[in-house]
Amino acid sequence: GQCSAHCPVGAIYEKDETKIVWDEIKKHEKHCVVQVAPAVRVAIGEAFDMEPGELATGQLYAALRRLGFDAVFDTNFSADLTILEEGTEFVKRFTEGGELPQLTSCCPAWTDYMEKFATDFIPNFSSAKSPQQMLGAMAKTYYAEKADIEARDMFVVSIMPCTAKKFEVGRDDNMNSTGFQDVDVALTTRELARMIKQAGIDFKSLPDEEADSLLGTYTGAGTLFGVTGGVMEAALRSAYYLITKEDLADVNFMECRGLEGVKEAEIDIKGTKVRIAIAHQMGNIEAVLNRVREAKANNEETPWHFIEVMACRGGCIGGGGQPHGATDEVRLKRTQGIYADDEKSVQRCSHHNPEITRIYEDFLGEPCSHKAHELLHTDYIERAAYKK
Ligand code: SF4
């Protein structure tokens with residue numbers, strides 16, 4: 001597929017898992033819940049004669065209910081959760097001293113690459129799990145507790161723009177916070193489109209529905225995870241608040257946007273300068289890492305404090321599990337769909353998500369608390385590179 005050139009695991013895991021999900025839904029022995037990633041909502045419409053970039057969030061929720069899922073959640077919710085965890089981690093490293101630059105860890109193709117080919121960066125990786133994994137962990141603990149269901153009786157499916165996400169669900173024991181996998185099966189956007197067609201659902205004419213509560217509400221920041229620069233922009237919106245205890249007057253960080261291979265900026269947080277870099281597409285990443293290595297070798301200050309990496313061109317909107325035929329024109333339209341979703345959101349900063357406030361009050365305590373670390377964080381190790 002389009003992903004195989006830069007996705008170290010995608011080629012192996014490009015397998016159809018829709019049957020496993022159909023079987024589980026039909027058996028109805030388990031409580032089946034589902035989550036949808038940010039980038040899916042601006043691309044799945046293409047499988048049903050809609051324009052690239054057309055937002056189909058409400059129709060997606062409706063389709064998933066009609067397929068038989070017991071609850072429909074949104075990965076955008078857990079993207080907001082990731083920002084609280086990863087943003088707090090960054091602010092701690094930045095203000096209290098810690099390994100810098102911090103590197104984002106939400107893209108499994110990138111973390112997999114790092115564990116095999118850039119192991120000197122292990123201490124730099126954010127320990128935050130990806131939004132997909134965080135939602136699974138919260139579904140099988142927090143939600144299960146509230147709904148009075150045992151973790152073993154839950155089945156969590158995720159709809160992802162990505163083939164590497166199939167590998168991430170079974171990556172290691174850190175992904176089994178309850179003793180069971182946080183996420184049972186990750187399907188691609190294409191696989192979900194197939195299921196919707198198999199069920200004979202007329203996607204285009206579905207009404208807009210809402211996600212289910214507890215793990216379904218999201219802010220504009222959460223949806224930004226679907227594009228290159230989006231995790232950084234979302235993190236900056238909350239880092240500003242965490243550092244200054246004030247909200248930004250203008251939440252748009254235009255420096256983070258666009259298809260340039262490497263974007264750099266210095267962000268002024270009330271006199272504190274934060275230097276950031278954003279790289280997408282694997283080929284652009286080594287140059288960024290090499291500049292950090294050089295500075296280290298020469299005992300110079302790090303060129304950046306925070307770096308976002310996504311393996312796919314344009315970020316997840318251009319992922320290997322999306323409808324085929326992503327040209328830059330298509331990527332641009334999907335990207336516009338993501339920014340439109342952000343702009344129309346009532347809340348645009350992760351720390352203003354009311355369900356996030358509630359999950360900390362009712363369950364997790366503070367960001368990066370002991371409980372949050374147990375359920376929402378991971379660690380990295382050197383792994384043997386696949387040998388031909
Ligand atoms: Fe998957 Fe997104 Fe990473 Fe691409 S950028 S490999 S779609 S997580």
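This report covers the sheet, the nonpolar core and the ligand shell of a predicted model.

## The sheet

Four strands form an open sheet in the order S2-S1-S4-S5, paired in parallel. Strand S2 (71–74) and strand S5 (185–188) are the edge strands. Each has a single partner strand, so one side of each lacks a neighbour in the sheet. Direction ignored, neighbouring strands are turned by 25° against each other on average.

Strand S1 (residues 31–36) runs parallel to S2, and four bridges join the two.

Helix H4 lies across S1, S2 and strand S4 (154–160). H4 runs at about 40° to S2. Helix H8 (residues 189–198) also packs on the sheet, where it touches S4 and S5. The direction of H8 makes about 85° with that of S5.

## The nonpolar core

The largest nonpolar core holds 107 residues. Val33, Phe73 and Ala139 touch the most other members. Helix H4 (residues 75–96) gives the most to this core, with eight residues.

Alanine 139 contacts both Val33 and Phe73. Its contacts also include Ala144, Met154, Val156 and Leu215, leaving aside neighbours within four places in sequence.

## The ligand shell

There are 14 residues around the ligand. Cys107, Cys162, Cys312, Cys316 and Gly319 come nearest. By class, the shell divides into 11 nonpolar residues, two polar and one charged. Helix H5 (108–117) and helix H7 (164–168) each supply at least two residues of the shell.

Definitions and conventions: Residues are numbered from 1 along each chain as its sequence is written. This is a predicted model: local features need pLDDT of at least 70, side-chain atom pairs count only at pLDDT 80 or more; totals for chains, interfaces and linings use all residues. A nonpolar core is a set of buried Ala, Val, Leu, Ile, Met, Phe, Trp, Tyr and Cys residues joined through C-beta atoms within 7 Å. A residue is buried if 20 or more other C-beta atoms lie within 10 Å of its own, exposed if 12 or fewer, and partly exposed in between; C-beta atoms are placed from the backbone. Two residues are in contact if their C-beta atoms, placed from the backbone, lie within 7 Å. A residue is near a molecule or strand if its C-beta atom, placed from the backbone, lies within 6 Å of it. Ala, Val, Leu, Ile, Met, Phe, Trp, Tyr, Cys and Pro count as nonpolar, Asp, Glu, Lys and Arg as charged, and the others, Gly among them, as polar. Two strands pair if DSSP finds at least two bridges between them. Axes are lines fitted to C-alpha atoms, for helices over the stretch in contact, and angles run from 0 to 180 degrees between N-to-C directions.
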